[in-house]
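Subject: Handover of a structure and notes on its contents

Dear colleague,

Please find below the structure that I am passing on to you. I would be grateful if you could read the notes after it with the model open.

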Amino acid sequence: MSRLAERESVKLIEENVIYRLTDLVKGALEALLPVKLEVKVLGEAEIAKSFEVGIGGRKKVWVAGCRVRNGVIGRNPKVRVLRGGEGGEMVFQGQLISLKNIKKDITEARKGMECGMSFENWSDFKEGDQVQSLEEKEVKQHL
């Protein structure tokens with residue numbers, strides 16, 4: 001029997017307690033399940049104005065002037081931009097390349113603060129767009 005199982009690439013499990021066997025089978029099945037991506041919104045801001053800023057000579061970058069409505073917008077996490085209100089269409093998802101308050105670089109902007117944001121490889125934002133700071137986490141699924 002073991003030679004037949006080996007030839008057919010079937011794993012044999014010998015266990016004398018049934019609940020241990022069911023736990024092993026359940027663990028093996030859970031390992032086959034895909035990982036679920038859980039997204040948590042850390043903060044939200046609204047774009048109030050867009051303007052162009054010169055950086056070192058001739059290079060210019062578009063900046064979104066925002067007011068943080070709730071939570072915290074950080075420099076490192078991913079962001080997404082929604083157009084058309086709260087449940088609107090997602091027009092961008094990516095990274096921030098800069099987050100500033102007045103002309104100083106900041107690491108985070110909290111509720112009520114005004115800040116300027118530049119997005120990585122994207123400048124098609126408009127007044128009224130909603131910016132959400134995101135945290136993505138991979139969660140193992142269970143049976």
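The model is predicted, so local features need pLDDT of at least 70 and side-chain atom pairs count only at pLDDT 80 or more, while totals for chains, interfaces and linings use all residues. Residues are numbered from 1 along each chain as its sequence is written, and side-chain values use heavy atoms, with hydrogens and water left out.

**Nonpolar core**

A nonpolar core is taken here as a set of buried Ala, Val, Leu, Ile, Met, Phe, Trp, Tyr and Cys residues joined through side-chain atoms within 4.5 Å. Buried means under 20% relative accessible area, exposed over 50%, and partly exposed in between, with a 1.4 Å probe and protein chains only. The largest such core has 19 residues, and Ala45, Cys66, Cys115, Met117, Phe119 and Val131 are those with the most contacts inside it. At least two residues of this core come from each of S1, strand S2 (59-74), strand S3 (78-83), S4 and S7; S2 gives the most, with four residues. Strands (E, at least two residues) and helices (H or I, at least four) are DSSP runs, numbered from the N terminus.

Glu44 lies in strand S1 (residues 36-55) and is buried, at a relative accessible area of 12%. Its side chain makes a polar contact with the side chain of Gln132, at 3.1 Å. A polar contact is a pair of N or O atoms within 3.5 Å; within protein, one must be able to donate a hydrogen and the other to accept it, and residues adjacent in sequence count only if both atoms are side-chain atoms.

Glu44 also forms a salt bridge with Arg69, the closest N and O atoms being 3.7 Å apart. This pair links distant parts of the chain, with Arg69 in strand S2 and Glu44 in strand S1, 25 residues apart. Arg69 counts as partly exposed, at 32% relative accessibility.

Glu46 also lies in strand S1 and is partly exposed, with a relative accessibility of 32%. Leaving aside neighbours within four places in sequence, Glu46 is in contact with Gly65, Cys66, Arg67, Arg69, Gly128, Asp129 and Gln130. Between Glu46 and Lys36 there are 10 residues in sequence and 29 Å in space, C-alpha to C-alpha.

**Other salt bridges**

A salt bridge is a side-chain nitrogen of Lys or Arg within 4 Å of a carboxyl oxygen of Asp or Glu, and by this rule the count comes to eight.

Arg83 and Asp129 form one of them, their closest N and O atoms being 2.9 Å apart. Here too the pair links distant parts of the chain: Arg83 is in strand S3 and Asp129 in the loop between S7 and S8, 46 residues apart. Arg83 is partly exposed, at 22%, whereas Asp129 is buried, at 2%.

Glu108 and Arg110 meet in a further salt bridge, at 2.8 Å from N to O. Glu108 is partly exposed, with a relative accessible area of 32%, and Arg110 is partly exposed at 45%.

**Surface patch**

Ile13, Leu24, Val25, Leu29, Leu32 and Leu143 form a nonpolar patch on the surface, with about 570 Å² of accessible area together. Patches are made of residues with over 30% relative accessible area and no salt bridge, like charges being joined within 9 Å and nonpolar side chains (Val, Leu, Ile, Met, Phe, Trp, Tyr) within 5 Å. Accessible areas come from the Shrake-Rupley method with a 1.4 Å probe; for residues, only the protein chains shown count as cover. Val25 lies in helix H2 (residues 18-32) and is partly exposed, at 38% relative accessibility.

**Positive phi angles**

Ile102 has a positive phi of about 60° although it is not a glycine. Ile102 is placed in the loop between strand S4 (89-101) and strand S5 (104-105), and is exposed, at 80%. Asn121, also not a glycine, has a positive phi of about 55°. Asn121 sits in the loop between strand S7 (114-119) and strand S8 (130-139) and counts as exposed, at 78% relative accessibility.

With kind regards

Conventions: Contact = heavy atoms within 4.5 Å.
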